[in-house]
Amino acid sequence: MSHPFENLPTTPTAEEVVDKAFSRATRAGGAKEGVEAQQSMLMTASNIVSDNLQNVAQSWPTIDELDPFYVELADAVVGEAYPSEDDPGVDALKQHLSEVSWAGRKAKEIRQEYEGRLVRGDKDTARKLRKQAFARIADVVEEVEGDLAAVSTARDALKGLPDIRPDEPAIVVAGYPNVGKSSFVNRVTRADNEIASYPFTTTQIRVGHFEDQRIRYQLVDTPGLLDRPPEERNEIESQAVSALEHLADAVLVLVDPSEECGYPLAQQLELRNDIQSRFDVPVLTIANKSDRSTDVEADHYMSVTEDDNVEGVLQAAVDAVGYELELPFDDE
Ligand SMILES: Nc1nc2c(ncn2[C@@H]2O[C@H](COP(=O)(O)OP(=O)(O)OP(=O)(O)O)[C@@H](O)[C@H]2O)c(=O)[nH]1
């Protein structure tokens, strides 16, 4: 499994749950007669409803136990998927899941309540009571119709998350549009279609991979997130940036001193300063397009299109990550 939401099963609709429960119940009842037939129908319908609804809730990971990167990212993704809720995000999702679970338990309770009464009556009374119980079970499922739909929406949105792993070293690439971020990522990650994109609000998260000393590194490009001043990010985008803070082991801020990208260098460096103050990991300033200009003080210079020092920058990024990962051992 590559991320905790990848294998979530499809969420049934309320109608599907009810249809399945009652059609199976009819079949089960057909095999028996009299009061027994009614008992069997009730039991089947109630079991199917409670199993299906409780499965919905149980198929989800316990969100609070996930890596904070996933919690933040899920919060942003679900927030985006629930535009009309007062308090969108994973808290709303948790609430929907708990309603669905409640309905599953309630279906069981209704069966228990009617079971005893069914045996005591004659055939006609049993039939009447069974119908009553069915109506109540159907009502309960209908009550969580919206919750099931919301769970389904969240599931679909989260299933498409890119394969980003918080337990693998991650180098985040930042910088204004057109400074050369995607040229860099494409240049250094293996070309075998490894770049996975995830459309996210107005933006994407792109992940590519490379290996160094048998360690797999993730190179995360975030066009639309870390490519403009923080005040221009909406709430959901800011949250996605918080997720990246949990993920990043190093950040490469690409700047284009030639200003061919269309943004003044001073503005690009301001973004770098903001990222530096926000991220708690090494942040390297990489001046790209060195074939055009080197007119800035940077940690490294490179030109992606000329292939100049691209490998050197990658090595510097790996070294920065290594420095981060080894820190705890240095304290001993
Ligand atoms: N001369 C020169 N041009 C470069 C260099 N690196 C990238 N470019 C050009 O700059 C333009 C933008 O590069 P991209 O890689 O698309 O930039 P980006 O930062 O990913 O842009 P967004 O995807 O919009 O965020 C392209 O036309 C590249 O060919 C370089 O080192 N030198």
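The ligand is surrounded by 17 residues, a residue being counted as near if its C-beta atom, placed from the backbone, lies within 6 Å of the molecule. The closest are Gly180, Lys181, Ser182, Ser183 and Ser303. By class, this shell has four nonpolar, eight polar and five charged residues; Ala, Val, Leu, Ile, Met, Phe, Trp, Tyr, Cys and Pro count as nonpolar, Asp, Glu, Lys and Arg as charged, and the others, Gly among them, as polar. The model is predicted, with local features requiring pLDDT of at least 70 and side-chain atom pairs counted only at pLDDT 80 or more, while totals for chains, interfaces and linings use all residues. Residues are numbered from 1 along each chain as its sequence is written.

An unreviewed UniProt entry assigns residues 5–164 the annotation "domain: NOG1 N-terminal helical"; UniProt positions are given in the numbering used here, feature names are shortened, and annotations may be inferred rather than shown by experiment. Over residues 5–164 the chain is 77% helix and 0% strand, with the end C-alpha atoms 12 Å apart. Helices (H or I, at least four residues) and strands (E, at least two) are DSSP runs numbered from the N terminus.

Helix 1 (residues 14–30) packs on helix 2 (residues 34–58) at an angle of about 150°, with the axes 8 Å apart. That makes helix 1 roughly antiparallel to helix 2. Axes are lines fitted to C-alpha atoms, for helices over the stretch in contact, and angles run from 0 to 180 degrees between N-to-C directions; those under 35 degrees count as roughly parallel, over 145 as roughly antiparallel, 65 to 115 as roughly perpendicular and the rest as oblique. The crossing of helix 1 and helix 2 is right-handed (the near helix is turned clockwise from the far one by less than a right angle; anticlockwise is left-handed). The contact of helix 1 with helix 2 comprises eleven nonpolar, six polar and two charged residues.

Helix 2 also packs against helix 4 (residues 90–120), the axes coming within 8 Å and crossing at roughly 165°.

The annotation "domain: Nucleolar GTP-binding protein 1 Rossman-fold", from an unreviewed UniProt entry, covers residues 235–291. This span is 47% helix and 19% strand, and its end C-alpha atoms lie 38 Å apart.

Helix 3 (residues 68–81) packs with helix 8 (residues 235–247) at about 165°, the axes being 8 Å apart. That makes helix 3 roughly antiparallel to helix 8, in a left-handed crossing. Residues of helix 3 including Pro68, Phe69 and Leu73 meet residues of helix 8 including Ile236, Ala240 and Leu247, contact requiring C-beta atoms, placed from the backbone, within 7 Å. The contact of helix 3 with helix 8 divides into eight nonpolar, four polar and three charged residues.

Definitions and conventions:
Two residues are in contact if their C-beta atoms, placed from the backbone, lie within 7 Å.
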